[in-house]
Amino acid sequence: MFQKIIITVKNKFLHLLLGLLAVSSVAAQPGAIKTGNDGKSWDITTRSSGYRLEVSAKGEVNAICFGNSLNLERAGRATVAEIPVRGGYVLGTPMIEVIFPDGVRDIELEYKSSEIVTIDGYPALKITQNDKYYPLEVSSWIRVLPEFDMIEKWVEVVNTGKKGDIRVENLLSGSVSLPKDAYELTHYSGVWGYEFVPQTTKLTQGTKTIQVKDFKSYGSSSFMVRPEGENDKYTGKVWFGSLKYSGNWRIDFDKYFAGNVQIAGGMNFWDQEVNLKPGQSFTSPRMLFGYTERGAEGVTASLVSYARENLPAVHCNRLRPVLYNSWYATTFDVNEEHQLALAKVAKELGVEMFVIDDGWFKGRVNDKAGLGDWTVDKNKFPNGLKPMIEKINAMGLDFGIWIEPEMVNPNSDLYRAHPDWVFHFPNRQRHEGRNQLILNLAREDVFQYLYKSFSTLLKENNIKFIKWDMNRVLANPGWTSAPADEHRSVRIKYVENLYRLVETLRKEFPEVWFENCSSGGGRIDLAMMSRFDFNWTSDNTDPVDRIFIQDSYLTLFPANTMISWVTQEDWHRQNPSLEFKFDVSMAGVLGVGYDITKWNEQEKKIATEKIAQYKAVRETVQKGDVYRIVSPFEGNRSVLQYTDKNRKKAVIFVYQMAEYPANTTEETQRTPLVKLIGLLPEVRYKIEGINEVFSGKYLMEVGIEFPLRGALKSRIFSVTSF
Ligand code: DGJ
């Protein structure tokens with residue numbers, strides 16, 4: 001947990017004394033921000049990182065390299081402005097680009113003031129700068145999260161003038177500069193069904209940009225930058241970051257000829273603009289930057305614990321239920337009788353939450369109709385939802401339901417009544433994705449319609465779980481009837497209202513769990529994660545593919561947010577066993593998606609045993625620290641270790657995807673021993689299924705061979721201390 005660096009009176013005195021003796025002294029400040037004696041320089045530290053900011057004699061706020069905190073022992077040289085702008089010499093990537101009312105496009109910032117504030121328990125440095133001539137005020141924040149080895153950066157711009165609008169053509173959230181070195185960038189990109197594929201590339205001179213322009217990503221804004229060739233998992237320097245935003249975003253990795261790398265990220269202002277009228281302000285989303293010397297696993301530890309701590313508070317520490325979801329069993333063909341039959345079997349297997357997916361609402365016979373009309377389909381459910389939910393509740397199951405608020409089918413009552421509610425441009429082809437259009441959620445009437453529809457649904461029915469889907473990319477983002485100066489900020493308003501809609505519903509229905517879905521993992525980020533309890537990771541439920549997708553997911557996000565269903569899907573025709581599928585899905589929040597009414601007794605027996613096994617380990621799986629000790633990206637196996645916070649209990653998932661003859665592949669030439677990590681060296685551990693006792697030191701330094709042979713085989717080993 002957060003350890004505040006509390007400076008006692010004694011320390012303060014000592015510090016002041018040292019300050020008087022030292023040449024570049026700093027005065028004591030609470031938290032991890034120290035202000036220099038002149039009040040115009042700051043040293044910011046986390047557990048591993050150090051960052052210095054200084055105001056130059058000319059009033060420029062400059063940043064010294066971000067990296068190892070020992071660098072603060074020496075006076076560094078400013079590499080880039082803290083808030084690089086368009087103006088003057090073209091140096092690096094600007095964070096702010098504006099056009100003033102008289103057409104001037106250059107900004108000249110000058111330091112005005114600073115203060116240290118506390119935001120949600122963490123110290124933050126706020127620096128305010130003004131343009132030397134024009135009425136533009138720029139405040140930038142650095143919120144310090146020492147135990148996560150991260151800082152959060154964001155910026156607010158204000159038009160302080162009395163007349164004339166300022167057009168903001170670009171406003172990024174933050175920038176840091178890395179010392180001169182040769183670097184490699186790892187980021188995560190993907191496509192439907194293949195989310196979060198790690199991509200590693202050298203950063204050569206020039207700019208590498210990762211970005212989203214159509215609201216869908218299947219990847220992540222999270223990234224890692226390491227000195228070239230330094231690949232150890234557990235040690236070594238890594239700079240990392242992630243943007244807390246769900247609309248369009250971009251991150252630039254700008255390698256200067258001198259060798260430094262500037263990383264700047266925020267909203268993507270591609271085809272976007274914000275118009276600031278006198279007195280108006282605009283604030284960027286938050287961008288996280290971190291630095292660790294604990295390799296990629298250090299990054300995971302930071303990002304995952306940050307995400308975990310920022311999950312919606314109401315369910316944050318609660319164990320996630322075992323789910324059933326009807327999508328793969330029924331697609332759109334849902335009715336009361338079959339849903340009840342599914343629920344009955346689900347209950348017998350040990351499921352706790354029964355979720356009806358797409359297909360339940362008016363006119364939804366296939367994906368060509370119904371979206372937007374959020375009342376029950378009386379042809380499929382002549383008695384409405386209520387009696388069915390009551391029967392499901394009477395079985396001892398909670399009930400959940402699928403919705404896709406942001407969309408409308410042209411074949412719907414909503415579209416027929418309000419064709420102007422969708423994003424569109426006149427005289428342009430109207431692009432439909434999965435036969436649907438996007439509602440212009442920037443409009444207040446659309447927001448109110450959606451709020452009313454879903455609050456009525458939740459009020460009238462005992463619904464404990466919402467699966468919130470979003471199944472297409474953004475195109476034709478037109479709203480030409482709005483005032484002209486708002487045309488290009490429509491996407492920003494949309495995302496604001498999306499957050500507002502989720503937050504309003506959550507506030508009104510605090511007991512309800514919310515799942516975030518976007519045709520699988522098309523919109524997973526730290527901003528959604530702070531508003532939703534879980535994510536549907538991928539529509540690809542093939543267990544082998546899932547091992548890869550889940551390995552990446554667990555690099556960036558907590559296991560208790562990763563929903564994984566066992567389904568009949570077999571994308572590569574490998575006929576994996578039911579046990580293997582369960583073992584893969586048990587690595588996160590377990591769900592079942594088969595048509596279980598068709599299961600034979602043997603299949604039900606396997607499922608019942610597996611669900612019971614999951615319940616026995618889920619506390620460790622959902623709440624423990626996850627280490628990806630053998631990566632599927634490197635060989636034919638994957639080994640995941642989940643460890644309790646007290647390090648006395650662990651669960652090991654071992655997956656074998658293929659078996660190769662000895663000594664034929666790089667992997668089979670290496671030792672089969674797997675070293676565990678994060679245990680207590682002196683404590684003795686028993687591993688279920690291996691009848692021996694080992695010290696933690698042995699397991700971590702020598703390692704053991706997990707007994708598992710054959711292709712598509714898996715085992716789960718419980719490790720307990722005694
Ligand atoms: C896409 C989701 O990813 C699926 O799980 C399912 O909910 C369908 N949409 C329903 O249309």
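Which residue of β25 does Y324 stand opposite? The legends below take this question up first.

View 1. Y324 stands opposite F354 in β25. This is a predicted model, in which local features need pLDDT of at least 70 and side-chain atom pairs count only at pLDDT 80 or more, while totals for chains, interfaces and linings use all residues. Residues are numbered from 1 along each chain as its sequence is written, and side-chain values use heavy atoms, with hydrogens and water left out. Strand β24 (residues 323-325) pairs with strand β25 (residues 353-356) in the parallel sense, over three bridges; strands are DSSP runs of E with at least two residues, helices are runs of H or I with at least four residues, and both are numbered from the N terminus. Two strands count as paired if DSSP finds at least two bridges between them. The closed barrel has eight strands with parallel pairing, in the order β24-β25-β26-β29-β30-β31-β32-β33. From one strand to the next, the twist averages 30 degrees.

View 2. Helix α10 (residues 543-556) lies across β31 (534-536) and β32 (562-566), and runs at about 165 degrees to β32. Angles run from 0 to 180 degrees between N-to-C directions, and the axes are lines fitted to C-alpha atoms, for helices over the stretch in contact. Helix α11 (residues 578-585) packs on the sheet, where it touches β32 and β33 (589-592), and its direction makes about 170 degrees with that of β32. Contact here means heavy atoms within 4.5 Å.

**View 3. Aromatic rings.** A search of the whole structure finds 38 aromatic pairs, where rings of Phe, Tyr and Trp (its six-membered ring) pair if their centres lie within 6.5 Å, with planes under 30 degrees apart counted as stacked, over 60 as edge-to-face and the rest as tilted. The ring centres of Y328 and W565 are 5.8 Å apart and the planes stand at 80 degrees, so this pair is edge-to-face. Y328 belongs to helix α3 (residues 327-330) and W565 to strand β32, 237 residues apart. Both Y328 and W565 are buried, a word that means under 20% relative accessible area, whereas exposed means over 50% and partly exposed lies in between (1.4 Å probe, protein chains only). F361 and W374 form a tilted pair, at 4.5 Å centre to centre with 45 degrees between the planes, and both residues are buried. Ring pairs link W360, F361, W374, W402 and F454 into a cluster.

**View 4. The surroundings of S302.** S302 has its place in helix α2 (residues 295-309), and because its relative accessibility is 2%, S302 counts as buried. A polar atom of the S302 side chain lies 2.6 Å from the backbone oxygen of F148. Not counting residues up to four places away in sequence, S302 touches F148, D149, M150 and F240.

**View 5. Two residues with positive phi.** Most residues other than glycine have a negative phi. F215, which is not a glycine, has a positive phi of about 70 degrees, and F215 is found in the loop between β16 (206-211) and β17 (220-227). With 3% relative accessibility, F215 counts as buried. N435, also a residue other than glycine, has a positive phi near 60 degrees; N435 has its place in the loop between α6 (413-417) and β28 (437-438). With a relative accessible area of 26%, N435 is partly exposed.

How values were computed
Polar contact = N/O pair within 3.5 Å; in protein donor to acceptor, adjacent residues only side chain to side chain.
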